[in-house]
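Here's a quick briefing to read alongside the model. Have the sequence and the 3D view open as you go.

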Amino acid sequence: MFSNLSEPHLCNLSDNKNFISHKKGQILFYEGTKPLGVFCINDGVVKVFKTASNGKEQIIRLANKGEFLGYSSLLGEEVYSSTGTIVEDAKICFVPKETFLKVLVEDNSFHRRLTKALCQDLGIMEHKLTDATQKSIRERLAFTLLKLSETYGVDGGAGEKIDVVLTREEIAGLVGTATETIIRLLSEFKKDELINFEGKKIIVLNKKGLARLSDFYGG
């Protein structure tokens with residue numbers, strides 16, 4: 001997002017940003033608190049989630065290297081609508097509000113890129129809402145595994161290993177269902193030779209099978 005900024009703007013960002021290393025499990029920002037700037041992930045993975053009234057997490061997204069966090073709340077002058085937690089050790093830049101807004105106002109190209117990103121985020125949320133109402137849990141899990149493989153996949157020998165450690169609770173939070181259901185379905189997927197396990201990581205053995213199961217091609 002910052003890659004095409006002018007040298008003066010880049011220097012201003014560099015002079016005013018804070019670069020911090022975060023450990024797994026640390027909270028980056030809390031739902032209901034006021035944003036004081038934006039976060040840019042240099043390395044690592046951040047889980048963004050909302051907490052339901054029953055205490056369960058509904059994971060909105062897993063943010064990765066190069067992504068921005070917190071800018072929609074900042075621009076809307078609202079409190080954070082979700083919480084951000086470090087899933088894998090991360091290095092993150094924090095850009096103060098005043099510095100970020102100065103770039104936004106003065107650089108039309110950056111303004112357009114940010115607007116496009118906001119629209120894409122809205123589209124993703126609409127897609128997730130549609131999936132939640134129209135797809136079965138089995139289909140949503142298959143699709144989630146495909147997307148995780150697409151983002152975090154590395155060669156795992158017999159298949160593609162999802163190179164990020166997610167608990168069964170976190171996978172349930174991504175899919176939007178109970179942990180017990182995810183445990184049962186993962187076991188069934190393994191039995192059907194769609195996936196396998198290597199320690200706490202999942203290996204995707206049959207992408208086409210998952211795609212068919214997820215109704216990825218619209219049936």
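In which strand is Thr85 found? Look in β6, residues 83–96. Bear in mind that this is a predicted model. The chain is assigned two domains, domain 1 (7–132) and domain 2 (136–214), and a search of the whole structure turns up 12 salt bridges.

**Thr85 and its surroundings**
- Thr85 counts as buried, because its relative accessibility is 10%, and the cut-off for buried is under 20%.
- Leaving out residues up to four places away in sequence, Thr85 touches Gly25, Gln26, Ile27, Leu28, Val45, Val46, Lys47 and Phe49.

**The β3–β4 hairpin**
- Strands β3 and β4 pair in the antiparallel sense over six bridges; Phe49, for one, has Ile59 in β4 as its bridge partner.
- Five residues sit between the two strands of this hairpin, and Gly55 takes a positive phi near 90 degrees.
- Lys56 also lies in the loop between β3 (37–51) and β4 (57–63), and it's partly exposed at 48% relative accessible area.
- Lys56 touches Lys50, Thr51 and Ala178, not counting residues up to four places away in sequence.

**Where the two domains meet**
- The centres of domain 1 and domain 2, taken over C-alpha atoms, are separated by 26 Å.
- On the contact side, 14 residues of domain 1 meet 14 residues of domain 2.
- The two domains bury about 1100 Å² between them, with 56% of that on carbon and sulfur atoms.
- How many salt bridges are counted between domain 1 and domain 2? The count is one.
- Lys47 and Glu170 meet through their side chains in a salt bridge, at 3.0 Å from N to O.

**The four-stranded sheet**
- An open sheet of four strands runs in the order β7-β8-β10-β9, with antiparallel pairing.
- Its edge strands are β7 (153–155) and β9 (195–198), each of which pairs on one side only.
- From one strand to the next, the twist averages 35 degrees.
- Helix α7 (residues 179–191) packs on the sheet and touches β9 and β10, its direction making about 110 degrees with that of β9.
- Two bridges join the antiparallel strands β8 (residues 160–162) and β10 (residues 201–204), and Lys161 has Ile203 in β10 as its bridge partner.

**Other salt bridges to click on**
- Lys50 pairs with Glu31, with the closest N and O atoms 3.4 Å apart. Lys50 lies in strand β3 and Glu31 in the loop between β2 (27–29) and β3, so this pair ties together parts that are 19 residues apart in sequence.
- Both ends of that pair are partly exposed: Lys50 has a relative accessible area of 35%, and Glu31 is at 33%.
- Lys102 forms a salt bridge with Glu106, the closest N and O atoms being 2.8 Å apart. They're separated by about one helical turn, because they sit four residues apart in helix α3 (residues 97–106).
- Arg138 and Glu188 make a salt bridge with closest N and O atoms 2.5 Å apart. Arg138 is in helix α5 (residues 137–152) and Glu188 in helix α7, so the pair ties together parts that are 50 residues apart in sequence.

Methods
Residues numbered from 1 in each chain as written. Predicted model: local features only at pLDDT ≥ 70, side-chain atom pairs only at ≥ 80, totals over all residues. Heavy atoms only, no water. Buried < 20%, exposed > 50% of the residue type's maximum accessible area, 1.4 Å probe, protein only. Contact = heavy atoms within 4.5 Å. Pairing = 2+ DSSP bridges. Axes fitted to C-alpha atoms, helices over the stretch in contact; angles between N-to-C directions. Domains from an automatic or database assignment. Buried area = accessible area lost by both parts, 1.4 Å probe. Salt bridge = Lys/Arg side-chain N within 4 Å of Asp/Glu carboxyl O.
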